[in-house]
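Please open the structure in your viewer and keep the selection tool at hand.

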Amino acid sequence: MWGAPAPYRRPLWDAVFSTGTPTGLIAAFCRALTDPDPLVREEHQIPWACRATVIRG
């Protein structure tokens, strides 16, 4: 899995799971990734490439 601010752009993060990764851990990762609740972050934790798309409250 990887995430980028736009298609065909360099990924800002990636996650690699091997065949030895417990399925419960992969499921928890997927649940966290798709959780609709907002993620609270400090300004310095937001990548520059994503700042234009971040909603600040």
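## First stop: the salt bridge

By the rule applied here, the count comes to 1 salt bridge. The model on the screen is predicted. Which residues form the salt bridge? Select Glu43 and Arg51: Glu43 forms a salt bridge with Arg51, and the closest N and O atoms are 3.4 Å apart. A salt bridge requires a side-chain nitrogen of Lys or Arg within 4 Å of a carboxyl oxygen of Asp or Glu, so the separation of 3.4 Å between Glu43 and Arg51 qualifies.

Glu43 is partly exposed, because its relative accessible area is 42%. Arg51, at 16% relative accessibility, counts as buried. The cut-off for the word buried is under 20% relative accessible area.

Keep Arg51 selected and display its surroundings. Arg51 lies in the segment after α1, the helix that spans 23-34. Which residues does Arg51 contact, leaving aside its neighbours within four places in sequence? The contacts are Glu43, His44, Ile46 and Arg56.

## Second stop: the aromatic rings

The structure holds 2 aromatic pairs. Select Trp13 and Phe29 and show their rings. The ring centres of Trp13 and Phe29 are 6.4 Å apart and the planes stand at 70 degrees, so the pair is edge-to-face. Trp13 lies in strand β2 and Phe29 in helix α1, so this pair ties together parts that are 16 residues apart in sequence.

Phe17 and Phe29 form an aromatic pair that is edge-to-face, with 5.2 Å from centre to centre and 70 degrees between the planes. This pair links distant parts of the chain: Phe17 is in the loop between β2 and α1, Phe29 is in helix α1, and they are 12 residues apart. Phe17 has a relative accessible area of 30% and is therefore partly exposed. With the three residues on display, the ring pairs can be seen to link Trp13, Phe17 and Phe29 into a cluster.

## Third stop: the start of the chain

Select Met1, which is found in the segment before β1; that strand spans 2-3. Met1 counts as partly exposed because its relative accessibility is 44%.

Which residues does Met1 touch, not counting those up to four places away in sequence? They are Trp13, Asp14, Ala15, Phe17, Phe29, Cys30 and Leu33. Among them are Trp13, Phe17 and Phe29, the members of the ring cluster from the previous stop.

Then select Leu33 together with Met1. How many residues apart in sequence are Met1 and Leu33? They are 32 residues apart in sequence and 10 Å apart in space, C-alpha to C-alpha.

Met1, Leu12, Trp13 and Leu33 make a nonpolar surface patch of about 370 Å². Trp13 therefore has a part in both the patch and the ring cluster.

Select Thr21, whose place is in the loop between β2 (13-14) and α1. Thr21 counts as buried because its relative accessibility is 16%. Which backbone nitrogen lies 3.0 Å from a polar atom of the side chain of Thr21? The nitrogen belongs to Ser18.

Finally, select Arg31, which is placed in helix α1. Is Arg31 buried or exposed? Arg31 counts as exposed because its relative accessibility is 55%.

Notes
Residues are numbered from 1 along each chain as its sequence is written. This is a predicted model: local features need pLDDT of at least 70, side-chain atom pairs count only at pLDDT 80 or more; totals for chains, interfaces and linings use all residues. Side-chain values use heavy atoms; hydrogens and water are left out. Patches are made of residues with over 30% relative accessible area and no salt bridge: like charges are joined within 9 Å, nonpolar side chains (Val, Leu, Ile, Met, Phe, Trp, Tyr) within 5 Å. Accessible areas come from the Shrake-Rupley method with a 1.4 Å probe; for residues, only the protein chains shown count as cover. Helices (H or I, at least four residues) and strands (E, at least two) are DSSP runs, numbered from the N terminus. Buried means under 20% relative accessible area, exposed over 50%, partly exposed in between (1.4 Å probe, protein chains only). Contact means heavy atoms within 4.5 Å. A polar contact is a pair of N or O atoms within 3.5 Å; within protein, one must be able to donate a hydrogen and the other to accept it, and residues adjacent in sequence count only if both atoms are side-chain atoms. Rings of Phe, Tyr and Trp (its six-membered ring) pair if their centres lie within 6.5 Å; planes under 30 degrees apart count as stacked, over 60 as edge-to-face and the rest as tilted.
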